[in-house]
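The sequence and structure are shown first.

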Amino acid sequence: MARRLCRLSRLFPLVSLSPASAAPKLPHLPVAVNPSPTPVLPSSSASPSPALPRLFSSSAGGSSMVVVGSADSFASILSKVQDEKLPAVFYYTAVWCGPCRAIAPLISKLSGQYPNIPVYKVDIDMQGVGSKLGDLKVYSVPTFHFYHKGQKTSEVVGADPKKLEAAMESLHKQQQ
């Protein structure tokens, strides 16, 4: 099976388009815009922390998926994982990425299967995150970084279910 991924050309352009070669303008279409980078949550949902809402949790409450809502919370989560030597998975994704949408049900399932390993879902288009992506060597989405004892131990780039399951199982075994 071919590895599917989306390149981050919008963040790391290889060439710039001249005005003459730009794409033709499309007719204006009305678009609903949410100016806030944080996800809109139903008012009846209770989250364990206002800065880190837990989404995608199963009815048994066993999911460990956390949607990171801002660049500041991403920075603090990453430093906490590194400083306190915690296990974690960082899932870098984008709304516009087809392979990211294809692998989303699997990562949601794995976060429920391994509830002691938090999965932090980071939208690469979130304001302020772009500068950190280069430092973390995230050049394509989906990208998964696996942390054990505060250190990045493995990485899966692309929507590869077998590699993702193997990396998650390996991280789980390291925790025991």
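## Aromatic pairs

Rings of Phe, Tyr and Trp (its six-membered ring) are taken to pair if their centres lie within 6.5 Å; planes under 30 degrees apart count as stacked, over 60 as edge-to-face and the rest as tilted. A search of the whole structure on this basis finds 6 aromatic pairs. One of them is the edge-to-face pair of Phe74 and Tyr92, with 6.1 Å centre to centre and 85° between the planes. Because Phe74 lies in helix 1 and Tyr92 in strand 3, this pair ties together parts that are 18 residues apart in sequence. Phe74 counts as buried at 0% relative accessibility, and Tyr92 likewise counts as buried at 0%. Here buried means under 20% relative accessible area, exposed over 50%, and partly exposed in between (1.4 Å probe, protein chains only).

The rings of Tyr91 and Phe144 have their centres 4.8 Å apart and their planes at 10°, so this pair is stacked. The pair links distant parts of the chain, with Tyr91 in strand 3 and Phe144 in strand 6, 53 residues apart. Tyr91 counts as buried at 1% relative accessibility. Ring pairs also link Phe74, Phe90, Tyr92, Tyr120 and Tyr147 into a cluster.

## Basis of the model

The model is predicted: local features need pLDDT of at least 70, side-chain atom pairs count only at pLDDT 80 or more, and totals for chains, interfaces and linings use all residues. Residues are numbered from 1 along each chain as its sequence is written, and side-chain values use heavy atoms, with hydrogens and water left out.

## Overall fold

The secondary structure of the protein chain comes to 4 helices and 7 strands. Helices (H or I, at least four residues) and strands (E, at least two) are DSSP runs, numbered from the N terminus. From the N terminus on, the order of elements is β-β-α-β-α-β-α-β-β-β-α.

The protein chain has 176 residues, of which 35% count as buried. Contact means heavy atoms within 4.5 Å. Among contacts in the protein chain between residues at least 6 apart in sequence, 69% join residues at least 24 apart.

## The sheet and its helices

An open sheet is formed by 5 strands in the order 2-4-3-6-7, with mixed pairing. Strand 2 (65-67) and strand 7 (151-157) stand at the edges with a single partner strand each, so one side of each is left without a neighbour in the sheet. The twist averages 20° from one strand to the next. Two strands pair if DSSP finds at least two bridges between them. Strand 3 and strand 6 run antiparallel and are joined by 5 bridges; in strand 6, His145 is the bridge partner of Phe90.

Helix 2 (residues 98-113) packs on the sheet, where it touches strand 2, strand 3, strand 4 and strand 6, and its direction makes about 160° with that of strand 3. Helix 4 (residues 161-175) also packs on the sheet, touching strand 3, strand 4, strand 6 and strand 7, and its direction makes about 10° with that of strand 6. Axes are lines fitted to C-alpha atoms, for helices over the stretch in contact, and angles run from 0 to 180 degrees between N-to-C directions.

## Phe144 in strand 6

Phe144 is placed in strand 6 and is buried, with a relative accessible area of 0%. Phe144 and Tyr91 lie 4.7 Å apart, C-alpha to C-alpha. Not counting residues up to four places away in sequence, Phe144 touches residues including Val89, Phe90, Ile103, Ile107, Val156 and Leu164.

## Helix 1

The buried residues of helix 1 are Ala71, Ser73, Phe74, Ile77, Leu78 and Val81. They cover an arc of only 160° around the axis, which puts them on the same side of helix 1. The arc is that of the directions from the helix axis to the C-beta atoms. The face turned away from the buried side of helix 1 carries the exposed residues Asp72 and Asp83. The cover over the buried residues of helix 1 includes strand 3 (88-93), strand 4 (119-123), helix 3 (130-135) and strand 6 (143-148).

## Backbone features

Most residues other than glycine have a negative phi, and most peptide bonds are trans. Lys85, in the loop between helix 1 and strand 3, has a positive phi near 55° and is exposed, with a relative accessible area of 51%. Lys149, in the loop between strand 6 and strand 7, has a positive phi near 55° and is exposed, with a relative accessible area of 54%.

A cis peptide bond joins Val141 and Pro142, with omega about -5°. Pro142 is found in the loop between strand 5 (140-141) and strand 6.
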